[in-house]
Amino acid sequence: MRALGWMGALLALVVSCGGGDGGAAAGGGSAKTMVVGFAQLGAESNWRTAETRSVQDEAQRRGIELKFSDAQGQQENQIRALKGFVGMNVGAILLAPKTETGWDNVLADVKRKGIPVVLLDRGVKVADESIYTTLIASDFVEEGRKAAQWLVDATGGKCRLVELQGTVGSAPAIDRQKGFLEVLAKHPGMEVLLSQTAEFGLAKGKEVMEAFLKAKGKEIQAVYAHNDDMALGAIQAIEAAGLKPGVDIRIVSIDGGKPAFEAMVAGKLNCVVECSPLLGPMAFDALERLQRGETLPKRIVVDDRVFTAEQAAAELPNRKY
Ligand code: GZL
């Protein structure tokens, strides 16, 4: 198998899937399926569970056997899962890395076994970029820029705001802040009063917003939340403080899930920058292109749109997550 490398493993799997004798295909799995390992980071948000569902549904639709691991938010569990997939000699691996760093050794080991790794939704910082095949993700810096530009336009460039950051050390948290501050740097009237992580979670978002309100109260004119779940938590905290979210305090978030659109229809959230979790089809398209011997670009960018409260009612029926 090693002489064939991972391509041979995948092709062998496809050949045995097509006309095999029904015996176990090379590289694990039955003769009828290609075997893919998916190291998911957790289930911390509505977005994450939608991504998991998209990958699982698409694997089933294509008759691909998916070995799924939920790391419960722990990087060491993801690393353990990757090692397990190597042991199973899967044909390919999908990885949604919790944080940017800490992947060099395990991904080098996976590469030595000839198994391609496709990164889903978050990137990694590694010394040797050849240890992963491609990254399929939104442009988080651009998402931050879009959120900031909407807030600048909505407030005439004069606003005192607080920021609810995503998971510390994760690509979306780092880049969404980077893009946001890049735009704010051009508008001196925009002031970030407080900024703290709420780990992309609703409950934590409520807790941190409560602390922000206690510290800065009516000074706060807007919230920038790195994802919908934290924005929804902030809405709860703002209402508990007797204020009107979306009116007394403007809110802009990222993801674009149904709950956020419902909050915009209710007038409690003002703007959402979309970040699609429906990456299953793109993930398996990429793996099938690899099977055909194609070379993939190092980066496959998922396009994002911006939706305001005025557009929410019309768009809500179209939301798939
Ligand atoms: C973005 C993804 C982020 C979402 C959050 O691609 O990694 O993680 O924005 C999720 O909702 O928790």
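## Ground rules and overview

The model is predicted, so please read it with its thresholds in mind: local features need pLDDT of at least 70, side-chain atom pairs count only at pLDDT 80 or more, and totals for chains, interfaces and linings use all residues. Residues are numbered from 1 along each chain as its sequence is written, and side-chain values use heavy atoms, with hydrogens and water left out.

The protein chain has eleven helices and twelve strands. Helices (H or I, at least four residues) and strands (E, at least two) are DSSP runs, numbered from the N terminus. Of its 321 residues, 54% count as buried; buried means under 20% relative accessible area, exposed over 50%, and partly exposed in between, with a 1.4 Å probe and protein chains only. Among contacts between residues at least 6 apart in sequence, 72% join residues at least 24 apart, where contact means heavy atoms within 4.5 Å.

## The parallel sheet

Let us start with an open sheet of six strands, ordered β2-β1-β3-β4-β5-β11, in which the pairing is parallel. Two strands pair if DSSP finds at least two bridges between them. At the edges are β2 (65–70) and β11 (299–302), each of which pairs on one side only. From one strand to the next, the twist averages 15°. Such angles run from 0 to 180 degrees between N-to-C directions, and the axes are lines fitted to C-alpha atoms, for helices over the stretch in contact.

Strand β1 (residues 35–40) runs parallel to β2, and six bridges join the two. Ala39 stands opposite Ser69 in β2. Helix α10 (residues 280–291) packs on this sheet and touches β1, β2, β3, β4, β5 and β11; its direction makes about 150° with that of β3.

## The mixed sheet

Another open sheet of six strands has the order β7-β6-β8-β9-β10-β12, with mixed pairing. Because β7 (190–197) and β12 (306–308) stand at the edges with a single partner strand each, one side of each is left without a neighbour in the sheet. Neighbouring strands here are turned by 20° against each other on average, direction ignored.

Both senses of pairing can be seen in it. β10 (residues 271–274) and β12 pair in the antiparallel sense over three bridges, and the bridge partner of Val272 in β12 is Phe307. β8 and β9, by contrast, pair in the parallel sense over three bridges, with Tyr224 opposite Val252 in β9. Five of the six residues of β9 are buried, so β9 is largely enclosed by the rest of the structure.

## Helix α4 and Val110

Helix α4 (residues 104–112) has Val106, Leu107, Ala108 and Val110 as its buried residues. Their cover includes α3 (75–88), β3 (92–95) and β4 (117–120). Val110 itself has a relative accessible area of 1%. Leaving aside residues up to four places away in sequence, Val110 touches Val86, Ile93, Ile115 and Val117. Just after α4, Gly114 takes a positive phi of about 80°.

## Pocket and cavity

Both kinds of space come from a 1 Å grid over the protein atoms alone: a cavity is a set of points where a 1.4 Å probe fits but cannot get out, a pocket is an open set with protein on both sides within 12 Å along at least five of seven lines, and lining residues have an atom within 4 Å of a point. Grid points are joined across faces, edges and corners, and a volume is the space filled by probe spheres set on the points. The count comes to one cavity of 30 Å³ or more.

| Space | Volume | Lining residues | Nearest the centre |
|---|---|---|---|
| Largest pocket | about 250 Å³ | 16 residues | Gly123, Lys125, Leu135, Asp175 and Arg299 |
| Largest cavity | about 130 Å³ | 18 residues | Trp47, Arg48, Asp121, Arg176 and Asp255 |

Two or more residues of the pocket lining come from each of β5 (134–138), α5 (140–155) and α6 (171–184). For the cavity lining, the elements giving two or more residues are α2 (46–61), β5 and α6.
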